[in-house]
Structures are given as structure tokens and as C-alpha cells.
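Here's a protein model to explore together. Keep the sequence and the 3D view side by side as you read.

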Amino acid sequence: MKKVIVTGGAGFIGSHLCDALIENGYKVTVFDNLEPQVHPGQLIPDYLNKKVNFIKGDVRDYQKFRDAIVGHDFVFHFAAAVGVGQSQYQISKYVDVNINGTANLLDILVNSKHKVKKIIVAASMSSYGEGMAKCEKCGIFKPLLRNLSEGIIVRERHYWEIKCPVCGKMAISIPTDEKTLLDANSIYAVTKKEQEEMCILIGKTYGIPVVSLRFFNVYGPRQSLSNPYTGVTAIFISRIKNNNPPVIFEDGLQTRDFIWVGDVIRANILALESEKANYEIFNVGSGKPVSILKIAKMLCVLMGKSIQPVITYKFRKGDVRHCFADVRKIKKLLNFKTTVPLKDGLARLINWCQTVDAKDDFEKVLKELKEKKLV
Ligand code: UD1
């Protein structure tokens, strides 16, 4: 039986991965520090598969991490601090967990006797910065990051959108492929970029196959509904569940690429089992852009509440306007296609939400962001 270790395996995506690995006949160890922001009271979550061998440990603890890793055949490196906004003021912590934690992993593999035959690293679309764009007149370009001020209220769409650097006309967003220049817009995005680069570099140097999966906006059951630093779907659901309106930054017409967690897990299993994936980077997204306002409205309707989202027309620093995946590479090399349409996935997510508590701490985060001049 092949042995797999999943760092961060008690988290949202990692725990689903454990289920799939066990179902596919792997023996699974989880190495996770049970970060209190994600796991209140540092308790092992109920949803974690009872067949995993659980080790409470931090990727910053070299010794413990080494002892955990060496007997395994494959490593999924999912442990990370994940709040984009929060990373802009907890810089040391984000660099420590994400970059030094990854450095430990690689140092261990280079300097210890081990059996590891492949590493799959969870990278992020956030490292792209702005997604690719096209001006109808002047052609395709990679937009620079927007240099907008916090605290100013602007209603005109033109202000928020990406403009052509040549003629100044509003551009349209087009799919972003893996060769696109990375242009990280937050400390979180910088650390995710470094994780990927470090893993690929050391993997190639020492002949350990690495696969980097750039996740787009993943949603599904087990997303923490009480951690206000998580992704937009969980934050909105928590707001609506508590009869509060979702709060939208900018004008709501910024877009993201939402992908169902079960589809992400299939991509991970393919990355593990296919040799064609070795040393490759893949976008893991649906390939379809959806506006944040649309997500908010869909959730209000699906949850059966007559709540209207509140649009702030304010900028949250570190946010990009548009980015959605070019999915041709993963389709071609790994024959991967998403299977769950957004509407069905959101309905399933909401069904699950009815079974768990949701503490709405959004106001606290907003206050923090304002104090740090990030909004
Ligand atoms: C998210 C994840 C990141 C992951 C990336 C790719 C978080 C905090 N971010 O980043 O870890 O790597 O996807 O999968 O989990 N928004 C609102 N109101 C809110 C919250 C967000 O309008 O209450 C808007 C933001 O301004 C932004 C969009 O929604 O325009 C998406 O925000 P967010 O969910 O934080 O996602 P990403 O930054 O895309």
C-alpha cells in the first residue's frame, strides 16, 4: 500500500483529498497544526476521515516535520496560511509558514534518507496578479496591477476596469494560461509563487518529480464558515445565514473562476498518478469567469432569503479585477474536465451549510482592514 502524507490535511481541500486517497487505496497521514483561526479550540475536525493517521505538527517544526515525512511515498503540500488581506499585515507569519515551511520540506528531502517519489504543491491563481486582457483595437496584453486608493468611493465602472495601456479603452478579460508572467499582488500571493518555484527548482535539481497545481477559487463543504479570512463564498454564506447582507468591494463586476472542491480533488489524483504531470504547472479552474455580484445574488436566492448585497464601491487593496483559467493544458495532458456546474455546486454547498454553525465575524475583519488602510 503506497503511503501519502498531506500537510494541511485537516483543512478544507486537504480533508477532501484524504477521503479520495483512502478510497483509491492509499495509506494516508495528515500533518497539520490545527491553526486556531481555522480550527477553533485546535480540535481535530469531525469531518476528517477516521482512517487517517493524524499527526499534530507545524511545518515550521523541522524535526517533527522530518520524522513525519521520511516514510512516505508521496507528499501533498497543502499547509499554508491563506488569507489574502491578512497576509498584508501579518507579513512575518505568512512568510514563515508558507516560505520557511516549504523550505523545511525541501531541506528535509535533500538532506535526509527518505522514500518520497513525488511532491504535489498547492499553488494559487493569485500569483498571476491581473489575468490576461484584450483590447479590441490594440490586441492582447498583460495588465499591470491597479494602483487604486483605499477609502475612496467611485461608482463608475470605467474606474475599476482594466484599460488598454496603448489607447486607454476598457479591455476585456481573456483566459490566463500557465506561461503568463506572474505578478503577485499580496504577500500571500508572493509566498504561493515562491512555494511553487522552490518546489520545482529542488525537484528538478534532485530528480524528485513535482507537480504544481494553481488552484482558482475553490468552493464546497468544509470551508470554514466562522473564519472571516476565508474565500468569498464562505464569507457571503456566513453573512446571509446570519441575516446580514453580503458586502461587496468595488462595483461587484470583478470576476473570479469558481471550481467545485470535488473537481479539484480529481485534478490532484490525476497529478499524483499520471507521469505526464511530472515537473508541470497546471491551472485548476473551471475556465469560466463569474462576477462577485452574481455569486452574492445567487447565494441569496439559493438560501431563500430576500436579502440584497451591499455594494461599497471601495477598493480592497491586493485584489485583482479579473482572472480566469485557461484550462487547455490540464485537459490536454491529464484529460481533466470539471463536472459540477456552479449552480449545482452552490446548491450542494448550501445544503451542507444548513448542518453547521456559522459565526459572522465579517465586521471585525472590515474594521481591521480599515485600520491597516487596506480598504
Ligand atoms: C482566494 C483565496 C486564496 C486562493 C485564491 C485562489 C482566500 C482569502 N483567498 O483569493 O487563498 O489562493 O482564491 O483560489 O481564501 N470580496 C467581496 N466581499 C467579501 C470578500 C471578498 O466583495 O466579503 C471580493 C474581493 O474583493 C475579491 C473577490 O471577492 O474581488 C474574491 O475575493 P477572495 O475570496 O478573497 O478571493 P481571492 O483573492 O480571489
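## Before we start

This is a predicted model, where local features need pLDDT of at least 70 and side-chain atom pairs count only at pLDDT 80 or more, while totals for chains, interfaces and linings use all residues. Residues are numbered from 1 along each chain as its sequence is written, and side-chain values use heavy atoms, with hydrogens and water left out.

A few words on names: helices (H or I, at least four residues) and strands (E, at least two) are DSSP runs, numbered from the N terminus. Two strands count as paired if DSSP finds at least two bridges between them. In general, strands of a sheet pair through backbone hydrogen bonds, either parallel or antiparallel.

## The seven-stranded sheet

Let's begin with an open sheet of seven strands, in the order β3-β2-β1-β4-β5-β9-β13, with parallel pairing. At its edges sit β3 and β13 (281-284), each pairing on one side only. From one strand to the next, the twist averages 20°. Angles like this run from 0 to 180 degrees between N-to-C directions, using axes that are lines fitted to C-alpha atoms (for helices, over the stretch in contact).

Now zoom in on β4 (residues 74-77) and β5 (residues 118-124), which run parallel and are joined by four bridges. Across this pair, F76 stands opposite I120 in β5. Helix α4 (residues 91-111) packs on the sheet and touches β4 and β5, with its direction at about 170° to that of β4.

Where does strand β2 sit, enclosed or out in the open? Five of its six residues (27-32) are buried, so β2 is largely enclosed by the rest of the structure. Here, buried means under 20% relative accessible area, exposed means over 50%, and partly exposed is in between (1.4 Å probe, protein chains only).

β2 has partners to look at. Strand β1 (residues 3-7) runs parallel to β2, with five bridges joining them, and I5 stands opposite T29 in β2. Strand β3 (residues 53-56) also runs parallel to β2, through four bridges, and V30 has F54 in β3 as its bridge partner.

## A closer look at I120

With 0% relative accessibility, I120 counts as buried. So what does I120 touch? Leaving out residues up to four places away in sequence, I120 touches V75, F76, H77, V211, L213, N268, A271 and L272. Contact means heavy atoms within 4.5 Å.

## The three-stranded sheet

There's also an open sheet of three strands, in the order β10-β12-β14, and its pairing is mixed. Its edge strands are β10 and β14, each pairing on one side only. Neighbouring strands of this sheet are turned by 55° against each other on average, direction ignored.

β10 and β12 run parallel, joined by three bridges, and Y219 stands opposite W260 in β12. Helix α9 lies across β12 and β14, running at about 70° to β14.

How far should helix α11 (residues 342-353) span? At 1.5 Å a residue, its 12 residues should span 16 Å, and the end C-alpha atoms are 16 Å apart, which agrees. The expected span is 1.5 Å times one less than the number of residues. Buried in α11 are L342, G345, L346, L349, I350, W352 and C353. Seen down the axis of α11, these buried residues fall within an arc of 155°, so they line one face of the helix. The arc is that of the directions from the helix axis to the C-beta atoms. On the face turned away are the exposed residues K343 and N351. Among the elements covering the buried residues of α11 are β12 (255-260) and α9 (292-302).

Helix α12 (residues 362-371) has F362, V365, L366, E368 and L369 buried. Down the axis of α12, its buried residues fall within an arc of 160°, so they line one face of the helix. Exposed K367 and E371 are on the face turned away from the buried side of α12. Just after α12, K373 takes a positive phi of about 55°.
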